[in-house]
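Work through the exercises below with the model open. Try each task before you read its solution.

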Amino acid sequence: MRVNLQGRSLLRIGDFAPAEILHVLDLSERLKREKRAGAEDRRLEGRNIALIFEKSSTRTRCAFEVAAADQGAHTTNIDSSGTHLGAKESMRDTARVLGRLYDGIEYRGHAHRSVQELALHSGVPVWNGLTDEHHPTQALADLMTMREHGSGDLAGVRLAFLGDASNNTAASLVMAAATMGMDVRVAAPRACWPGPSNRAEAEAAAAAAGGRVSVDEGIADAVAGCDFVYTDVWVSLGEPEKIWAERIEQLRPYQVNRSVMAATGNPRTRFLHCLPAFHDLETAVGRDIHERFGLDAMEVTDEVFDSDASIVFDQAENRMHTIKALMIATLTGE
């Protein structure tokens, strides 16, 4: 059955059925081969794309800009300092204006209702580059990377997520992996478990796809035999600094280190992280945490982050390929 995503928005990973996600992944892999061969067709020539960044970005912004440029599209970067967004003009009215000027809109910000308003009122495809609740474009890159470093079939792949499983990245990752029939194991302190509605949705998706989702506090069972170990920062972007001490106390046992990787019992286990990662003292945040708490690394140690098991930079590159595929699929129907 042919998949056609033309005109569709991606606000949360659950917006796409398994066949639709596979379609985007297949197109991503084809586009990656074309780019590396220098034989890329410009499918978005003449298109105009608005990139809204209420929250700052490195990988998402660069991925959208490069993907659009490769495909011949023009982009306009819009941030909170250069517009009336939310101050003098509602998101609804902004959507109705931008929809008349642009062929597609990316939004990265805080409230999920903002990206929903854009999609509801703009009349063009809208892509969620991150909200407080969801990060679907990251999840697409995660799936692509696991396909590349696995057998190519995601069904039955064993994925362990350690750390703060209540955040937006984890919500989208768990749902994406469950939708594809993977064996998803979450190890986190109870206070950092996925929200009840997100967990229920992921469990239902896993049951429909022949996978499973398990959530527990124990690390050993989660990582045993797994193919991939994934973690994320202990405090998400925009959260107040005052919660650092509490989160570090909660999550210190879930740091991905050499012992955790050895506990998988699988020499082919690969390490994933959506970045940025606090694995050394090369950042201001890392140095501050070291001074206050005596940690040389937080969610992952440098020896794991820079090991042969780490595929985090493949993952970062794949943000661009999957975003490119998403834009082409939803703007052209390819």
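Two strands pair if DSSP finds at least two bridges between them. Helices (H or I, at least four residues) and strands (E, at least two) are DSSP runs, numbered from the N terminus. This is a predicted model, in which local features need pLDDT of at least 70 and side-chain atom pairs count only at pLDDT 80 or more, while totals for chains, interfaces and linings use all residues. Residues are numbered from 1 along each chain as its sequence is written, and side-chain values use heavy atoms, with hydrogens and water left out.

**Exercise 1. The sheet**

Task: give the strand order of the open sheet of five strands, and state which strands stand at the edges.

Solution.
- Step 1. Trace the order: E7-E6-E5-E8-E9, with parallel pairing.
- Step 2. Find the ends. Strand E7 (212–216) and E9 each have a single partner strand, so one side of each lacks a neighbour in the sheet.
- Step 3. Take the twist. From one strand to the next, the average is 20°. Angles run from 0 to 180 degrees between N-to-C directions, and axes are lines fitted to C-alpha atoms, for helices over the stretch in contact.

**Exercise 2. Strand E5 and its partners**

Task: find how many bridges join E5 to E8 and how many join E5 to E6. Then find which residues stand opposite leucine 159.

Solution.
- Step 1. E5 pairs with E8 over four bridges, in the parallel sense.
- Step 2. E5 pairs with strand E6 (residues 183–187) over five bridges, again in the parallel sense.
- Step 3. Leucine 159 faces phenylalanine 228 in E8. In E6, leucine 159 has valine 184 opposite.
- Step 4. Check the burial of E5. Buried means under 20% relative accessible area, exposed over 50%, partly exposed in between (1.4 Å probe, protein chains only). Four of the five residues of E5 are buried, and the strand is mostly covered.

**Exercise 3. Aromatic pairs**

Task: classify the ring pairs of phenylalanine 161 with tyrosine 230 and of tryptophan 244 with phenylalanine 278.

Solution.
- Step 1. Set the rule. Rings of Phe, Tyr and Trp (its six-membered ring) pair if their centres lie within 6.5 Å; planes under 30 degrees apart count as stacked, over 60 as edge-to-face and the rest as tilted. The count by this rule is four aromatic pairs.
- Step 2. Phenylalanine 161 and tyrosine 230 are 5.8 Å apart centre to centre, with 35° between the planes: a tilted pair. Phenylalanine 161 sits in strand E5 (residues 158–162) and tyrosine 230 in strand E8 (residues 228–231), 69 residues apart. Both phenylalanine 161 and tyrosine 230 are buried.
- Step 3. Tryptophan 244 and phenylalanine 278 give 6.5 Å centre to centre and 75° between the planes, an edge-to-face pair. Tryptophan 244 is in helix H9 and phenylalanine 278 in the loop between strand E9 (270–273) and H11, so this pair ties together parts 34 residues apart in sequence.
- Step 4. Tryptophan 244 is buried at a relative accessible area of 11%. Phenylalanine 278 is buried at 14% relative accessibility.

**Exercise 4. Two helices**

Task: describe how H9 and H11 cross, and which residues meet.

Solution.
- Step 1. The axes of helix H9 (residues 244–251) and helix H11 (residues 284–293) come within 12 Å and cross at roughly 80°.
- Step 2. Angles under 35 degrees count as roughly parallel, over 145 as roughly antiparallel, 65 to 115 as roughly perpendicular and the rest as oblique. H9 and H11 are therefore roughly perpendicular to each other.
- Step 3. Contact means heavy atoms within 4.5 Å. Trp244, Ala245 and Ile248 in H9 meet Val285, Ile289, Arg292 and Phe293 in H11.
- Step 4. Sort the residues of this contact: six nonpolar, no polar and one charged. Here Ala, Val, Leu, Ile, Met, Phe, Trp, Tyr, Cys and Pro count as nonpolar, Asp, Glu, Lys and Arg as charged, and the others, Gly among them, as polar.

**Exercise 5. Backbone exceptions**

Task: inspect phi at leucine 130 and leucine 275, then the peptide bond from leucine 275 to proline 276.

Solution.
- Step 1. Recall the background. Most residues other than glycine have a negative phi, and most peptide bonds are trans.
- Step 2. Leucine 130 has a positive phi of about 150°. Leucine 130 lies in strand E4 and is buried, with a relative accessible area of 7%.
- Step 3. Leucine 275 has a positive phi near 70°. Leucine 275 is in the loop between E9 and H11 and counts as buried at 13% relative accessibility.
- Step 4. The bond from leucine 275 to proline 276 is cis, with omega near 0°.
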